[in-house]
Amino acid sequence: MTKTEAFTVTEIVFSSIPVRAETHWYFVEVSDPDGITGVAEFTHGGQSLATAQTMAEMAGEIRGQPIEDEASLPVTLGLAPALLQSDRVIAAAVTGLRSAILDGQAQRAGISLREMLAGDESEVPDSVELYANINRSMLPDDSGPVDRSPEAFADMAGRAVEEGFRTIKCAPFDECRAPFDAPGLPPEAADGLARIAAVRDAIGPDATLLVDCHSRFDLESALALEPELAALGVGWFEEPVSYRDNSRDLTRITAASSMPVAGAETGYGIELFESLIADRVVDVVMPDAKYCGGVGEAVRIGRSLEASHPGSISMHSPSGPISLLASAHATAAFAGSRPLEHAISEVDWRATTIDPAEHVHDGRLYLPSGPGLGAGLNQSLISQNGRRWTI
Ligand SMILES: [Mg+2]
């Protein structure tokens, strides 16, 4: 990392905004005595408020202390490595603080976050290729469930290709949940396979199609599903089983799969991600800027893995514009060779959540030129539709 400026947290403010049905995005802002404010997204499903509470307690412990190296925060706070692996709220809380502090440090240094993370010598790109995850656009909206027929999947994927995305991801296996009654390929997988076939037809043979299985399978059913996905030209097989609960089975599926197996979107810390690749539990790890230790940790992971196993990392980024922007700074800084996840068409006002607005064009995210992230929260949108609070 290039020159870093210490950042002293004196104020911490949380905000949230309702997005779609049950989904809210959550943000933390930390400010120093000079009024510089770093921001991070910490959306964590049903654990978002617990994460905010824990973050506020952690901020209380470091308030007024200059932080030079955000990576030392877990040690400063006395968080044992094993706790960060097992307690997702604590991991997400320290991750949010680490990322927000880094944004503040880059602003203090007057340089973009990607330049600070990459170091002095590197030429850092100012845009990052995205892949279109259509999953969140097909979850229930404020009026209830939406059409999840093969035709609806095909329509959404076709729109993404028309918008310029060259890689599409879907999560089609609604009907599946291990254990299954029948051995081999579960009959419940037929609907998901029909959705994938419809998407493949819509996007043509040249676009890459990624499939997320949300841990709905087990060893036997995943091994039976693999050739079906391969026949449909699937580009990666994401999380047939969970790396947390079932790493031994995941290792066997990865060994047997002709496609790259991807996963570990909830993991924390470089040691974990390096070991998942070294032990070939998966072929591609998916650190999430909201959980993995933050953007600085993501760059350490990305730099290590792109050097040892090129193409073995693609950040998980299914949330709002602050999380996507932070992930894009990290991906640019570690020169990621795979596209970055972007949850398209979740809500039509998404881009205006940040100021300046999110700029996605022709399948790429264009990074703003200002210091730090280069964008902050659109406070008028938050005050109109969301809420802001302190703890
Ligand atoms: Mg996933």
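**The interface between domain 1 and domain 2**

Guide: In this predicted model, domain 1 and domain 2 bury about 2,800 Å² between them, with carbon and sulfur atoms giving 56% of that area. Arg20, Trp25 and Glu41 supply 26% of what domain 1 buries against domain 2, more than any other three residues.

Visitor: Which residues make up domain 1 and domain 2?

Guide: The domain assignment of the protein chain places 7-112 + 379-389 in domain 1 and 118-372 in domain 2. The C-alpha centres of the two domains lie 24 Å apart.

Visitor: How many residues of domain 1 are in contact with domain 2?

Guide: Contact requires heavy atoms within 4.5 Å. On the domain 1 side 35 residues are in contact, and they face 38 residues of domain 2.

Visitor: Why is the meeting of arginine 300 and glutamate 70 called a salt bridge?

Guide: The N to O distance between their side chains is 3.3 Å, and the term requires a side-chain nitrogen of Lys or Arg within 4 Å of a carboxyl oxygen of Asp or Glu; the pair therefore qualifies. Between domain 1 and domain 2 the count is 2 salt bridges, alongside 19 residue pairs in polar contact, with both residues at pLDDT 80 or more.

Visitor: Which element gives the most to the side of domain 1 that touches domain 2?

Guide: That element is α4, with 11 residues. Elements giving two or more residues to this side are β2 (11-20), β3 (23-31), β4 (37-41), α3 (81-86) and α4 (88-109).

Visitor: What is the make-up of this side by class?

Guide: The side of domain 1 that touches domain 2 has 19 nonpolar, 9 polar and 7 charged residues.

Note on methods: Residues numbered from 1 in each chain as written. Predicted model: local features only at pLDDT ≥ 70, side-chain atom pairs only at ≥ 80, totals over all residues. Heavy atoms only, no water. Domains from an automatic or database assignment. Buried area = accessible area lost by both parts, 1.4 Å probe. Polar contact = N/O pair within 3.5 Å; in protein donor to acceptor, adjacent residues only side chain to side chain. Helix = DSSP H or I, 4+ residues; strand = E, 2+ residues; numbered from the N terminus. Nonpolar A, V, L, I, M, F, W, Y, C, P; charged D, E, K, R; others polar.
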